Amino acid sequence: MANDSNSGRAGTARIQIAMIGCNHRTAPVELRERVAFTPQQALSAADELCHKGILEEAVVLSTCNRSELYGVPGEAGPAASAAMEEFFTSFHRVSPLEMNGRLYRWAGSDAVRHLFRVAAGLDSMMLGEAEILGQVRTAYSQALDHGATGPVLNRVFQGALEVGKRVRAETEVGARPMSVSLAGVKLAERVFGNLKGHSALILGAGAVAEQVVEHLQNRGIGSLRVVNRSFDHAAELARRMGGEAIEWESLEKVLGMPDILVTSVGSAGPVLTRELLERAIEARSGRPVFVVDLGVPRNVDAEAAGLYNLYLYNIDDLGEIVEQNKKAREAEIPRAESIINEHISKFEAWRSALEVRSIVDDLRDRFHKDRENVIREKLAEIKDVSPEERQRIAHITEELIERLLEQPSRRLRVGRGMRGRLAGIDTLRHIFGLDEEID
Amino acid sequence: MSYHLGYLSLALYVASFFCYARILFSPQEWLGRIATFLLAVGIVSHYFALLERSRWIHEVPYNDLYGSMSLFAWLLGVTYLGLEIFHRQRSVGAFVTLLLIIWIGSLALFAPQAAPGPPAARGPLFAFHVTLNTWAYAAFALSFVLSVIYLVQDRILRSGRAGTAFWHFPALDVLDRMCQSGVYVGLAALISGVIMGFIWAHRLTGNYRWGDPKVVVTLAILLVYAAYLWLSRSANWRGARAALLCAANFLIVMFSYTFVNLYLTKFHRFF
């Protein structure tokens, strides 16, 4: 679970990123409920983490399936993760024992990769779900407005949002419906296109019917009628969803009206026989009708599937399509991962360019080049310089360069915190014109 | 006469095809717009290629197989672009541009150097007659493609085996409406073209040439497409049966465009 891949480089003033958290894979819902952050709590937690000196930048990502802390630790190494973990448990008043084995920790580029995978929907309960990208965006923008982020987390979260967008645009990870109810509605769109001008009739007022109604409403279905054996239940669902409740006895009369028919009633035998549906199609002058049978046992006579312009899907058909879609989404994971790798490389290039060791090496290279040019030019003008004297001049100037670099190098490594160090590195790169390579 | 503009059109159609094909699998509005733009530029370039050819031969280029087929392809592209804009639907673009590429690509393989012709002798009425009829055939060809997609989509919906592109294909309802629009365009062009043809024939020969096989088959085409439009709104035919009828009607168009032109008619044989 734990991984501190970059901890070996601790102390070299490398830009550190750390995260801890738990999600639907590591913690049951009862525990996730207890460690969830409200938006206000997320901001106060970020404040507290920064004030206590555990982190210099912090973002809290809390959704129904995950609670995660992302930050730039003041002090690098495993101590930072331990401090974050201690804060996490004490903030939510859960014992460390309860969280034992439930929390995962990542550091460095592994932490960045984790966030990118989260934003891409690869770490979600439903692979490729779209909501998580909005939740990452909200968590980041709230922390940004609150002043809890800095150059490092800004870079990481902006990268995550870009990854999330690209993965959804360039791969099929987020495409295709993954629930039976949504698959039914999406298939209806394959027949009718935009559902705005179309009508639906729902037989049954249970939870499954409600899910379908929700999807239909989201797609702006033109009109909605609900029929149920219990008229009160039908009226209740119709009231909540803005439809019209119909008496069960009037079913046959209204059967010819809807373009989409969804059934999920408990019944020993078919409620909608072939003859009944044949008359319904006749009543609608042969216009196509899309029937989703979610009942078990089936509500629609299987023979009805042969009727012209009737598209019938039962729960098994839809389940099979969902399974196909799941496999298709999984097949897209390598493409999504390659987008993530591309952005990790970009981030690493940016990070390397801002590291103390890197800036000192770059400065040394620059000074050495200048030194060689100056020695070559100046010694060409002086004729009586022996090879030994040339050697000595080279040694002296090299020592001078090392002494010149000693103080800035020490100052960049010690104190002023990560933000101060980054500002110093930025300034040096700018002054010496070393920033051209940085993206 | 050079073929540079023709090759440029082909290149633009190929680029447009790749964009249309890409949006089938990964729908992106900006890429769709690029696809449409490339197709439009390809059509403009194709127009100038035809113009160059017609200036060279002093006639609308229908006097040889290459010119006639190139004109057909151009009108197919124009009709599709019109329908795409009217119905705001790009998902059949990949199929249409692929058809254009195959059509024009195969032409390029045996493109003959057109001989410079004498000034046009048959006048603008004749030119309109042939161009409008070719346009009608192009519109029917487009409806044929849409009908075939409809039938495939209908089959997939009934089999429940939905592949990646299936979720981005146009809905049956949209295909049906596009197909009908194509047939309306085709019928309007064909009726106008036939009327002009009758007037021209009457002026030239003093009779309407009712007995010419091409005229008979063309009137049959008018009849079967009118029947399609009527049946596609009837209870027992709307949907897949109408799409099948529309696809079958195109076989008569192909028969008229090839066999009748080449072997049955003398009055309508131009090459």
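Helices (H or I, at least four residues) and strands (E, at least two) are DSSP runs, numbered from the N terminus. All views show a predicted model, in which local features need pLDDT of at least 70, side-chain atom pairs count only at pLDDT 80 or more, and totals for chains, interfaces and linings use all residues. Residues are numbered from 1 along each chain as its sequence is written, chains are lettered from A and ligands numbered from 1 in the order in which they are written, and side-chain values use heavy atoms, with hydrogens and water left out.

View 1. With a relative accessible area of 1%, A:Asn309 is buried. Buried means under 20% relative accessible area, exposed over 50%, and partly exposed in between (1.4 Å probe, protein chains only).

**View 2. Strand S2 of chain A is largely enclosed by the rest of the structure.** S2 covers residues 18-23, and six of its six residues are buried. A:Ala18, A:Ile20 and A:Cys22 point one way from S2(A). A:Met19, A:Gly21 and A:Asn23 point the other way. Two strands pair if DSSP finds at least two bridges between them. S2(A) pairs with strand S4 (residues 66-73) of chain A in the antiparallel sense, over six bridges. In this pairing A:Asn23 stands opposite A:Arg66 in S4(A). S2(A) also pairs with strand S5 (residues 104-107) of chain A, again antiparallel, over four bridges. Here A:Ala18 stands opposite A:Ala107 in S5(A).

**View 3. Strand S6 of chain A is mostly covered.** Five of the five residues of S6 (residues 199-203) are buried. A:Ser199, A:Leu201 and A:Leu203 point one way from S6(A), and A:Ala200 and A:Ile202 the other way. Five bridges join S6(A) to strand S7 (residues 223-227) of chain A, and the two run parallel. A:Leu201 stands opposite A:Arg225 in S7(A).

**View 4. Four glutamates of chain A form a negative surface patch.** The members are A:Glu275, A:Glu278, A:Glu282 and A:Glu303. Patches are made of residues with over 30% relative accessible area and no salt bridge; like charges are joined within 9 Å, nonpolar side chains (Val, Leu, Ile, Met, Phe, Trp, Tyr) within 5 Å. A salt bridge is a side-chain nitrogen of Lys or Arg within 4 Å of a carboxyl oxygen of Asp or Glu. A:Glu282 belongs to helix H12 (residues 274-283) of chain A. At 60% relative accessibility, A:Glu282 counts as exposed.

**View 5. A nonpolar patch lies on the surface of chain B.** B:Phe255, B:Phe259, B:Leu262 and B:Tyr263 together have about 400 Å² of accessible area, from the Shrake-Rupley method with a 1.4 Å probe. B:Phe255 is part of helix H8 (residues 240-264) of chain B. B:Phe255 counts as partly exposed, at 36% relative accessibility.

**View 6. B:Arg88 has a positive phi although it is not a glycine.** The value is about 50°. B:Arg88 falls in the loop between helix H3 (65-87) and helix H4 (93-109) of chain B. B:Arg88 is exposed, with a relative accessible area of 75%.

Definitions and conventions:
Lys and Arg count as positive and Asp and Glu as negative; His and the chain ends are not counted. The place of a charge is taken as NZ of Lys, CZ of Arg, CG of Asp or CD of Glu.
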